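Have a look at it first, then read on.

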Amino acid sequence: MTDRPAPPSRPYITLVLARASNGAIGRDGTLPWHLPADLRHFKRVTAGTPMVMGRRTFDSLPGLLPHRRHIVLTRDRGWGSPGAEPVATVADALAAAGQDDRLSVIGGAEIHTLFEPLADRIELTHVHATPAADTFVPLPDPAIWREDARTEHPAEGAHPAYAFATYLRHR
């Protein structure tokens, strides 16, 4: 899954997200689309890794996701939830990941922005739609990221077309 080892002081960091053509990633704390194939892809990419997320992303999950640790970055020092590992900073999140060799960062937008300078890889689902949304992220900057792989998938019924793309940091 990794193309290059991360520096020995930290795990190999993958940002995992789905983004619509208009930059949308969320609306009212949920995804503004339903793509079963993307949910399966997310499960494959994050399985067995600790996941870092913001509290709102944690709250949007249907529950604890199996075979993954849930490291929750939050400003609320009193927040807690069974199965979650609350942390206050990026450094705390990396320390919580400990000796794991991979780390998945699953959102939201603020968390992706905090981890993007450290990330080694982006697993991005391009959703070929323009839904109404309240949370947006830009495309990966081509000066920093190169697209390494892409698989296109056609629309199926009410589900929009999409592509799974992998971006690697220029080294």
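Is Trp79 buried or exposed? Keep in mind that this is a predicted model.

1. Trp79 comes out as buried, at 15% relative accessibility, since the cut-off for buried is under 20%. Phe58 is buried too, with a relative accessible area of 9%.

2. There are two aromatic pairs in the structure. In one of them, the ring centres of Phe58 and Trp79 sit 5.5 Å apart with the planes at 85°, so this pair is edge-to-face. Phe58 belongs to helix H2 (residues 55-60), while Trp79 is in the loop between strand E4 (70-73) and strand E5 (84-87), so the contact ties together parts 21 residues apart in sequence.

3. Then look at Tyr162 and Phe164: their ring centres are 5.2 Å apart and the planes are at 55°, so the pair is tilted. Tyr162 is buried at 7% relative accessibility, and Phe164 counts as buried at 11%.

4. On to charges: the count is eleven salt bridges. One of them joins Arg56 and Glu110 (3.6 Å, N to O). Arg56 is in helix H2 and Glu110 in helix H4 (residues 109-115), so this bridge ties together parts 54 residues apart in sequence. Arg56 is exposed at 60% relative accessibility, whereas Glu110 is partly exposed at 40%.

5. Arg69 and Asp100 also form a salt bridge (2.9 Å, N to O). Arg69 is in the loop between H2 and E4, and Asp100 in the loop between helix H3 (90-97) and strand E6 (102-107), 31 residues apart.

Definitions and conventions:
Residues numbered from 1 in each chain as written. Predicted model: local features only at pLDDT ≥ 70, side-chain atom pairs only at ≥ 80, totals over all residues. Heavy atoms only, no water. Phe/Tyr/Trp six-rings, centres within 6.5 Å; stacked < 30°, edge-to-face > 60°. Helix = DSSP H or I, 4+ residues; strand = E, 2+ residues; numbered from the N terminus. Buried < 20%, exposed > 50% of the residue type's maximum accessible area, 1.4 Å probe, protein only. Salt bridge = Lys/Arg side-chain N within 4 Å of Asp/Glu carboxyl O.
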